[in-house]
Amino acid sequence: MLTWSFNLLNPKMFPIAKSPLFYINAFLQEVGEVGLLFFHTFRNLFKKPWEKRIFIQQLEEIGVRSLPVVSLTAAFGGLVFGLQTYVGFHRYIGPGSETYGGPIISLGLSKELIPILVGLMVSGRVGSAMAAEIGTMKITEQIDALFSLGADPTRYLVVPRTLASLVMLPCLTIYGDIIGMGAGFFYNVYLMGVNRVLYIRNTLLYMELWDIMSGLIKSAVFGVIIALIGCWQGLKTEGGAEGVGRATTRTVVIASILILIVNFFLSKALPADL
Amino acid sequence: MIRVVDLHKSFGHNKVLQGINLRLKHGETLVIIGQSGCGKSVLLKHIIGLLKPDKGKVLVDGVDITNLKTDELHRITRRFGMLFQGSALFDSMTVGQNVSFGLERYTEFSPEEIKELVKESLAKVGLIGIENLMPYELSGGMKKRVGLARAIAYRPDIILYDEPSTGIDPIRADAINDLVIRMKQELKVATIIITHDMVSAYKVADRIGMLYAGQIIEMGSPEQIKNSENQVVQQFIHGRAEGPIKNW
């Protein structure tokens, strides 16, 4: 039995498996690559020429075109949050206490659920598109052509996308907050008959501007993560169409995981109120 | 004008360039021949500063471009125009925007002047009235010509061609050769062409260099290359499967 277990760990039996050091090295290398890209992007933010045309295009791509998907996810997120809050208050506190669901719904949505939903939706829709577009440019030598024609690829491709993402994610989050809170209100007041005046009063009484602001700070960070990961994966694409496919998948996976991890640490780091 | 000194480049364990030395004079056309995958495009990308060598120098009028920062490098690459193997036209832009791209970054011309120069550059490669077409609406030969129009639009004094005749039929390939010769005569540019098409090489070259095993193994006029005693060169220029080159 013992011999069998050792055989399982034998690298000759599993040639794909590599030593842990290999994976640690590969991980650190990738962290270094993203760090360098972030550094170059930040440095190029202040250098001319500013690519206004691409920046405006990306504002539309990231912001305006994400509105339908954000509307749907925020609406159903708000509805389900409203439903569970209603059930919770009704069951555990008692009938009449459901009006206190308002601030809970608003707090949960604006601080956690909407920034995460917006981040995940945009990473799936826009991050993957960035990786696919830049990856295709890479394998067809368009990035080299950019450089040969006097355009720094980081300044031309990464900076406008990162800036647009940084601006549009908080905008989408505010929009999502309104839709989500509206949906929670609709479920509680119009479907379950909770007192409308008390629901609004409690929401306004306990809800603070900082709750919304901290959600916006988070979404701005998510915006930078999505754009940087999408551009980084695009710029390191190799191996034709298969490589582009791999880059898009990796972008969505890495950005989504990072959003969830960073969200936890930001929730810990940002003060509960000001 | 351009000097490449002891250039080395490896990708992982693959030693692609192992001590390349070459020189390009004003107004000269140098053709680099060699097998597919032997490092010709890698050499070209070092000359324009797209790749950094592991060792060695690329001197453009005495300035080593291998250690320059991006902005300084772009002041030098302003002098280069490059036609890429697959044309590398920007998919999201019209033909006109593609051709004006370098003009907008490298020159101070007004939008009207840029528009005129775009027309003029396209006319030089025999294309008229296609400014508003998208790259996917063009044939392979037209894409090459638009790529060339983009490369010459801002009047560089060195033009680099990466396999200009690859992927197009022999008649169009010859038309591209004529264009290369005309560009040299009209614009007085120095030219480096990477190819494995010997018909083109003999037609356009002042000198031909053969890249093999990471080094320039032969350099000379087309006549000297034709009469070379090097068996590797002979095997390559006659396109024979038998000979000292085995790794095909």
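I took two strands as paired if DSSP finds at least two bridges between them. Helices (H or I, at least four residues) and strands (E, at least two) are DSSP runs, numbered from the N terminus.

The model is predicted, so I kept to its limits: local features need pLDDT of at least 70, side-chain atom pairs count only at pLDDT 80 or more, and totals for chains, interfaces and linings use all residues. Residues are numbered from 1 along each chain as its sequence is written, while chains are lettered from A and ligands numbered from 1 in the order in which they are written.

**Strands of chain B.** I began at β1(B), residues 2-11, which pairs with β2(B), residues 14-24, in the antiparallel sense over eight bridges. B:Ser10 has B:Lys15 as its bridge partner in β2(B). Two residues lie between the strands of this hairpin, and B:Gly12 takes a positive phi near 65° there. I then followed β1(B) to β4(B), residues 55-60; five bridges join these antiparallel strands. B:Lys55 in β4(B) stands opposite B:His8.

**Core.** I looked up the largest nonpolar core, which has 128 residues. Such a core is a set of buried Ala, Val, Leu, Ile, Met, Phe, Trp, Tyr and Cys residues joined through C-beta atoms within 7 Å; buried means 20 or more other C-beta atoms within 10 Å of the residue's own, placed from the backbone. Helix α7 of chain A, residues 153-191, gives the largest share, 16 residues. Among those with the most contacts inside the core are A:Cys231 and B:Ile47.

**Confidence.** I checked pLDDT, the predictor's confidence in each residue, from 0 to 100. Chain A has a mean of 91, and 93% of its residues reach 70 or more.

How values were computed
A residue is buried if 20 or more other C-beta atoms lie within 10 Å of its own, exposed if 12 or fewer, and partly exposed in between; C-beta atoms are placed from the backbone.
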